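Look at the structure below and keep the sequence at hand. The explanation goes through it one topic at a time.

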Amino acid sequence: MIGISRDGDVVTIELQREERRNALNGELCEALREAVEKAANDDARAIVLTGRGTVFCAGADLSEVYSDDFTGKLLEMLHTVDSVPVPVIAAVNGAALGAGTQLAIASDLRVVAPGAFFGVPAAKLGITVDRWTVHRLSSLVGSGPARTMLLGLESLHAPEALTHGLANKIGTVADAQAWAHKIAALAPLTLQHLKLVFNDDGTQDTESPEQRAALYKAWLSDDAKEGRLAHKEKRPAKFAGR
């Protein structure tokens, strides 16, 4: 389900659930969180995250996405990637959808393959994303493109991602690893400080009671059930706003 390799000070962690397009479930979130923590505890100086095959991560496994247990494990994993005191580079080798985009934006840098793209289809499924995701995406690409992705449900392809700052470079997994080796040779305490400052972008603030209530209202709605059923039946959803 996950592959780990080390080359000097660089640890590469690969999602290996290719039969499910590297979709995240609770087990994979836990394995990824543990791998990132272990790499940092074993004195890795840079971490590369990528996916096996042609997809970086197709999002959450919809057979588990409506489970509070899954949501908790996903957010814990994202927080670990976001807060671990080691630079994390996402080598986005293919599509990054939903939770795949969340994993990419939790990383500090993104090297994106020419044919890769980002998308967050929550509104198509009748669910939503948390405050951290909205604010982190906005801080990276700007409010306009973030609204286009989340409200307009449009994908951001590699060239556009580079223009808007979601991609730091266009390249391969090997390019990401080569960059990681250069970063690993830099002063680690400087990088730790800079990561803390960059990630102090409003995403750590507590959401309001109204925001939390609206999030749960969406997740527990009839529309969420309809979105799940429509996805399973491969048809357009018919949302009623309840």
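The model is predicted. In soluble globular proteins, nonpolar side chains tend to be buried together. Here the largest nonpolar core has 58 residues. Those that touch the most other members are Leu24, Leu49, Met77, Val92, Leu103 and Phe118. Helix H1, residues 26–41, supplies the largest share of this core, seven residues. Leu24 shows what such contacts look like: leaving aside residues up to four places away in sequence, Leu24 touches, among others, Leu15, Phe70, Leu74, Met77 and Ala99. A second, separate core holds 13 residues, including Ile89, Ala176, Ala180 and Ala184.

Cys29 and Cys57 are also among the residues that Leu24 touches. How many disulfides does the structure hold? The number is zero. A disulfide is a covalent bond between the sulfur atoms of two cysteines. For Cys29, the nearest cysteine sulfur is that of Cys57, 8.2 Å away. A disulfide requires the two sulfur atoms to be within 2.5 Å, so Cys29 is in no disulfide. Cys57 is in no disulfide either. Cys29 is buried, with a relative accessible area of 1%, and Cys57 is buried at 0%.

The last topic is the second largest pocket. Its volume is about 410 Å³. Of the 18 residues lining this pocket, Asp108, Leu109, Lys195, Phe198 and Asn199 are the closest to its centre. Strand E7 (109–112), helix H5 (131–141) and helix H9 (188–198) each supply at least two lining residues. H9 gives the most, with four. By type, the lining consists of eight nonpolar, five polar and five charged residues.

Conventions:
Residues are numbered from 1 along each chain as its sequence is written. This is a predicted model: local features need pLDDT of at least 70, side-chain atom pairs count only at pLDDT 80 or more; totals for chains, interfaces and linings use all residues. Side-chain values use heavy atoms; hydrogens and water are left out. Buried means under 20% relative accessible area, exposed over 50%, partly exposed in between (1.4 Å probe, protein chains only). A nonpolar core is a set of buried Ala, Val, Leu, Ile, Met, Phe, Trp, Tyr and Cys residues joined through side-chain atoms within 4.5 Å. Contact means heavy atoms within 4.5 Å. On a 1 Å grid over the protein atoms alone, a cavity is a set of points where a 1.4 Å probe fits but cannot get out, and a pocket is an open set with protein on both sides within 12 Å along at least five of seven lines; lining residues have an atom within 4 Å of a point. Grid points are joined across faces, edges and corners, and a volume is the space filled by probe spheres set on the points. Ala, Val, Leu, Ile, Met, Phe, Trp, Tyr, Cys and Pro count as nonpolar, Asp, Glu, Lys and Arg as charged, and the others, Gly among them, as polar.
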